[in-house]
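Follow the stops below in order.

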Amino acid sequence: MKLDRRTFLSAGGSLLAATLGAPQVHAGLSLFGGGGKQFEGRTLVLIQLAGGNDGLSTIVPYDDSDYANARTTTRHKKSELLVIDKRRGMNGQLVGLKSLYDAGQLAIIEGVGYPDGVRSHFKSFDVWHTASTEGRAVGEGWIPRLVREAFPDDQAPERTVHIGKRVPYSLHAADSAPIAFEVPESYRWFGAEPGTVAGDVEPSGNPALDRLRGVQADASASSKRIRDAARRYKTAADYPNSEFGRALRVAAALIDARIGGRVISIEVAGFDTHKAQRNTHDNLMRVIDQGLSTFAADLRGRTAGDETLVVVFSEFGRRVAENGSRGTDHGRAGPMFALGTPVKGGLYGKAPRLDRLESGDLAFTTDFRRSYATVCERWFGADTKTVLGANYEPLDFV
Amino acid sequence: MHFTRPATCFAALLLTLCGASTVAAQNGPQAQTEAASRRLVWNARTVEHLYNRAGFGASPAEVQAALARRPEEVVEELVSGGREVEPFYVEGPTPLQRMDDSDLSGTAKARLRSAIRNADRRQMSAYSQWWIDTMASGADPLRDRMTLFWHGFFTSSYRDVRRSDLMAQQHDMLRSEALGSYAVMLYEIVHDPAMLKYLNNDVNKKGASNENFARELMELFSLGEGNYTEKDIKEVARALTGMRFDIEGDYKFRRGHHDFGKKTVLGEKGRLDGEDVIEILLKQEACGRWVAGRVIEYLEGVQPSEERLDFYAALLRESNYELAPLLRSLLLDPDFYRAEVIGTRVQGPIDFAIGSMRRLDMRVPAGFVREGTAELGQELFLPPSVKGWDEGPAWITTSSLMLRGNLAGMMLGVVDLNAVFGDRMDRARKLARGDAPRTGGFDTPEAEVDDVMGDDGEMMGGDEMMESPDDDLKVRGKQDMPKVIRDLKGEIGANYIPRINLRWRMQRAELSRDAEIAGYLLSAGLAIETPEDLHIRLLGRLRGEREQLGVKDGELLDHPECEKVLRRAMHWVLSTPAAQLS
């Protein structure tokens, strides 16, 4: 019935027909054949650091005199850092991630950005979410395009899940609303599930209503599966007391239950550190570190661990110079992380130079879509050009 | 209330600034408006649509009353503002807040601050509830609708402002100017203490500027992205230096912090200050387009065509940014009633809650509405970002759709809070006893880095006024208890009895057969025309329940279980996808 509804919808509207019809065609023609067997059980956990993470306080060029000159109140000295090499140190809070790095399971992608970087939170997130500098004008987010290309036959509503309240545009699909929830236990109707009947699939003549009916059907179908997965999940891992920690635990439960989560999205907010940045940012780093290292430890040594790739990004980095309020304003390039047992750890991209700034910002060296291309081709066996609209050279982190 | 505003002089100044042609304003857009209104189809559907969008819905009686009048009359009534509402009495900075705590010991200081914080949260919560009641009263529908719009447009959040009196002061300004002048609002917002605090202008100073306010002022409050350069942002940030406020909530210009140097903003040079920047912004063609576009998109639910945007942007500029001509013309525009617009907008949580109350003519405790809408993602005075709330389809995810149904069920007294949130309550109880590991509440991650965020979950915490560090365990358990449970529990606990009598309404309307009852419940519960299949399905449900009671069609109202059956049916109606649209 699920399939019927979507097929019907696609026949109903020309826009939907275009977006929905496309993958079926490509699946046949694609070099990758829409995801081979080795890609079948894989999951991408996509973590978004909202607000603009200060890259210079995450991977710190501690020995660079330009850094020392530009940063006073947000400066990290070598002794406070987890030193990687002669140039870089990881933020002192990133203890767990540093051991992952040492174990070769953390990739740091440096200098990530895109041409003519936008310093607006919203516009820049739109670029990241759609993989296009045109932003929302291109329509859907990049995740539905990816999942449709990699798993053309997968119609399970849980193929993309956001754990949290606000769903990023990256998950926005033309034909359905994302599965999203904060707490699995109350992810259900009490007493008055609207229910569906066969006649439901007929278009009502009101596209907004048809879309909501699709959401309702997805909600009905996914409710029990998600609650069961969360309830049954047993883990020895001690997830930290944070919304992020809780969300990651749910992510692990969904992966463990194999209920079809191809992409699981989680947001951590609070990175817009215009004011009194040092403590705020360090605390955020600790939240990230504790969450991600517990998650990695939880999955390690299991099939789930081999089949899970975590990617962390933020909409932009921050200005090199501090502002007058012990904080930093919006900037451009910043680092990304990729982690998990399938990751080939190390440094990727290229560290931006502090002596060659682009109107006060770090110039990007590595297009973020190269990371996306890595996810498309190497992780899911999906054709980059179909998903991202152009070809980008993958990085070697998987 | 707190400071005198040279707003009137400012508006007069604008007249000359914008070089408006009065003649053009009279013969141009307005003439077109009148021509347009002649083609407007005025029926129950379009009247309800008008009230859905220009207010928060209407009861069937209100729709009938409006049908008997001319559209111009009804629109004029909306645009000129409705009944005056008694304002909330806002307590300014309290004696506690003024107190010098530098001599106090650490514990005493913490205790004092905690008391201040709790008292302030109570006032913020009470103020939100006052506004909810005002919206639900329908006293001044378009003003409330537009105030909600401006709250999301000129956004500030209590999370960062931390003072309810400043949030209330901003809200009062937006409310009084909501149908007035955009230019005056822009002027006021640049001098607004809550905004200056929210966007860090209180730390923006000469030689060390903070660009936060400058950027959002242009990107979100006036021009829209792409209509200024990064250099303009830096220059505007310099111009805004020194614009601050004092503890009384009065705007203060601090000369010592202001950068008196030369600046260039959007091509205009000079020793520019904040007032100059406002003038420059209002002169930009992009400003009229941005504001008109946002208003239309909010009210219609879809972006206007270029042609209509041109028309309304011109109208706004020609009227010196007065909003009444724009709103009047828009609400009488046949395009406002086109099929693409009617019944296709996903209602925001406030729309859904207030609209349901108004259509059902049912009073629900404002505290419940506050907490419920917050849980659905629209917490008044705490918008998620400076961009306000994303409207439309973004409101709906699988879980928010479920939660809307569940909250409607609680409101109608047919769903038990414990059923919905029981698991979370159990966990919270264990946490409070300390016999479970702290797995945390649902605080946003900022909560862990900024104590104010932790406070976010406690706006209702009236009984925490006197909390002390000794109560740490108890308090911690409480903090871990998800806000929605604590607060909904307080507002609509086991003692809640809904004030609605559906059986009486059926009797009064002389409806007794299943089909009649289903028709009534759907038309009362939905903001849109009833989809046919919904009628068939509700009829099936009603029939099933009636047959279980062993009653013949037409005799349901005589059965003692009748009211429960009707409430369950209404709960079902409000849980459907159709009930989420307006």
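Select Ser170(A) and the residues around it. Apart from neighbours within four places in sequence, Ser170(A) is in contact with His129(A), Gly141(A), Trp142(A), Ile143(A) and Pro144(A). This is a predicted model. Ser170(A) sits in the loop that runs between strand E6 (160–163) and strand E7 (179–181) of chain A. Is Ser170(A) buried or exposed? Its relative accessibility is 2%, so Ser170(A) counts as buried, the cut-off being under 20%.

Zoom out to the whole of chain A. Colour by secondary structure: there are 12 helices and 12 strands. Colour by burial next. Of the 398 residues in chain A, 62% are buried. Switch to the surface. Chain A has an accessible surface of about 14,400 Å², and carbon and sulfur atoms account for 50% of that area. Then consider the contacts in chain A between residues at least 6 apart in sequence: 73% of them join residues at least 24 apart.

Move to chain B. Select helix H4 (residues 44–54) and helix H9 (residues 141–153) of chain B. How are two packed helices described? By the angle between their axes and the distance between the axes. Here the axes come within 8 Å and cross at roughly 45 degrees. H4(B) and H9(B) are therefore oblique to each other. Show the side chains at the contact. H4(B) contributes Asn52(B), Arg53(B) and Ala54(B), while H9(B) contributes Pro141(B), Leu142(B) and Arg145(B). By type, the residues of this contact are three nonpolar, one polar and two charged.

Next, select helix H11 (residues 164–177) of chain B.

Last stop: helix H29 (residues 514–525) of chain B. Its 12 residues reach 16 Å from the first C-alpha to the last, close to the 16 Å expected at 1.5 Å a residue. Highlight the buried positions of H29(B): Asp514(B), Ile517(B), Ala518(B), Leu521(B), Leu522(B), Ala524(B) and Gly525(B). What covers them? Show helix H20 (349–360), helix H28 (502–508), helix H30 (532–549) and helix H31 (562–575) of chain B, which are included in the cover.

Notes. Residues are numbered from 1 along each chain as its sequence is written. Chains are lettered from A and ligands numbered from 1 in the order in which they are written. This is a predicted model: local features need pLDDT of at least 70, side-chain atom pairs count only at pLDDT 80 or more; totals for chains, interfaces and linings use all residues. Side-chain values use heavy atoms; hydrogens and water are left out. Helices (H or I, at least four residues) and strands (E, at least two) are DSSP runs, numbered from the N terminus. Buried means under 20% relative accessible area, exposed over 50%, partly exposed in between (1.4 Å probe, protein chains only). Contact means heavy atoms within 4.5 Å. Accessible areas come from the Shrake-Rupley method with a 1.4 Å probe; for residues, only the protein chains shown count as cover. The expected span of a helix is 1.5 Å times one less than its number of residues. Axes are lines fitted to C-alpha atoms, for helices over the stretch in contact, and angles run from 0 to 180 degrees between N-to-C directions. Angles under 35 degrees count as roughly parallel, over 145 as roughly antiparallel, 65 to 115 as roughly perpendicular and the rest as oblique. Ala, Val, Leu, Ile, Met, Phe, Trp, Tyr, Cys and Pro count as nonpolar, Asp, Glu, Lys and Arg as charged, and the others, Gly among them, as polar.
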